[in-house]
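Subject: Structure for you to look at

Hello,

I am handing over the structure we spoke about, so please open it alongside this message.

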Amino acid sequence: MFLWGTATAAYQIEGATGEDGRGASVWDTFSHEPGRTRGGQTGDVACDHYHRWPEDVALMAGLGVNAYRFSIAWPRVLPQGSGQVNAPGLDFYDRLVDALLAEGIQPVPTLFHWDLPQALEERGGWLDRDVCALFADYAAVVAGRLADRVPLWITLNEPFVHMAYGYAMGLHAPGRTLMTGALPAAHHQLLAHGLAVQALRAAGARQVALTNNCTPVWPASREEADVRAADAYDVLHNRLFNDPVLLGEYPDLSAYTPDLGFVRDGDLKTIAAPLDALGVNYYNPTRIAAPTGDGLPFDDAGVTGFPTTAFGWPVVPDGLRELLTGLKARYGAALPPIMITENGCSQEDTPAADGTIDDAARVDFLDRHIAAMRRAMAEGVDVRGYFVWSLLDNFEWAEGYDQRFGLVHVDFETQRRTPKRSYHWFARFLKDQNTDT
Ligand code: GBH
């Protein structure tokens, strides 16, 4: 069965950050520091999903999706990151899973979507190798409770973005600005993934995946310097996270670091544990030019000549086809089936006088990206699922509540949910799928 779903993440929707024994995460800390997020906004309340989840499950039932990708907040389950399990935290996800199953919706949990327990940040976060084993312990606890009802598990969300934004550039929690010194955070996330694959399977998980953010990389010109820079960027954004998992080796990282001292014997074997699916989050291609400074081996030249989302990101549907066929060309038989675990766009989405939200641009965006995915499938790429980011407008990290990605509008003053035109469009689309098959 092809999975058609929507996606969310715990810190972006749950709120209730101090309730029922939840520990603090790096995003609680970071978002409360002055100047970190737009207008100082935080996920303290977000979509109040922790209390309103029955309404949100009903919205998905009305939509007609057969899958829902959400993330589990590590600090809800283990407030200190390790040790004492917080029963009410696990109970919350247990109830959610049952409610989804009752509506015929397959729960697809992600174990880490950037909300590391603050207690683990205090010992170094993802720079501390010991956190890898603690992640596997956490995975075992959650799967021990849910794997009887949850077939497919995702370990991490976008380790590239977490490394780059959280550890290299300081735009996300934990706000470190290590630049290439952030590389151990990539390796430790990957090692944590590999250890979690073992823990999940031991706890009865039938299918395990990793979700990577992938981008087709376009050289700014055919000049050799631009082509070389584009290759260097492809190494950092895509191959650093796909090669070790799928091929069991790192790409040439010499443009970023003189040595890989943080990689120990046996790590790559752990990281390369066979997967049942590769989760791919696609937003847009990246255009890269030769470096002008003396820091990184590339410059972001910006994609021009395409329409943009409210965020300013270029809308390039065929980039998804290009990405998928490119993955197949590079990894061949080593490429597991693919799930598009996120695709979507932010738009202005202001309600009209009568309260309706006519997000025609989102309808067009989704329609064209699904068509591009199907072109890739026609070209032989094995795609097994597609999840819209996102079900609800939510806390868009450093951008706060201004960037709206939902099929459902959220009024953050009242928490009122209003399905947008794209919701009704996707519901119709899903109905047509069912009658076709
Ligand atoms: C995902 O990250 C996250 O998983 C999710 O939590 C988040 O809410 C969602 O996307 C929307 O942001 O065109 O050069 O300006 C996406 C990471 C990084 C992808 C920035 C798009 C734009 C680059 N994004 N990138 S550019």
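In this predicted model, a polar atom in the side chain of Trp 397 lies 2.8 Å from an oxygen atom of the ligand.

If you widen the view, you will find 19 residues around the ligand, with Gln 12, His 113, Glu 158, Glu 396 and Trp 397 the closest. Sorted by class, this shell holds nine nonpolar, six polar and four charged residues.

Where does the ligand sit? It sits in the largest pocket, which holds about 1100 Å³ of space and is lined by 46 residues, with Phe 160, Val 161, Tyr 165, Met 169 and His 237 nearest its centre. That lining divides into 28 nonpolar, twelve polar and six charged residues, and its largest share, six residues, comes from α8.

The second largest pocket has about 260 Å³ of space, and of the 13 residues that line it, Thr 215, Asp 234, Asn 238, Gly 326 and Leu 327 are the closest to its centre. Here the largest share of the lining, again six residues, comes from α12, while by class the lining has five nonpolar, four polar and four charged residues.

Best wishes

Methods. Residues are numbered from 1 along each chain as its sequence is written. This is a predicted model: local features need pLDDT of at least 70, side-chain atom pairs count only at pLDDT 80 or more; totals for chains, interfaces and linings use all residues. Side-chain values use heavy atoms; hydrogens and water are left out. A residue is near a molecule or strand if one of its heavy atoms lies within 4 Å of it. A polar contact is a pair of N or O atoms within 3.5 Å; within protein, one must be able to donate a hydrogen and the other to accept it, and residues adjacent in sequence count only if both atoms are side-chain atoms. On a 1 Å grid over the protein atoms alone, a cavity is a set of points where a 1.4 Å probe fits but cannot get out, and a pocket is an open set with protein on both sides within 12 Å along at least five of seven lines; lining residues have an atom within 4 Å of a point. A molecule sits in a cavity or pocket if more than half of its atoms lie within 2 Å of its grid points. Ala, Val, Leu, Ile, Met, Phe, Trp, Tyr, Cys and Pro count as nonpolar, Asp, Glu, Lys and Arg as charged, and the others, Gly among them, as polar. Grid points are joined across faces, edges and corners, and a volume is the space filled by probe spheres set on the points. Helices (H or I, at least four residues) and strands (E, at least two) are DSSP runs, numbered from the N terminus.
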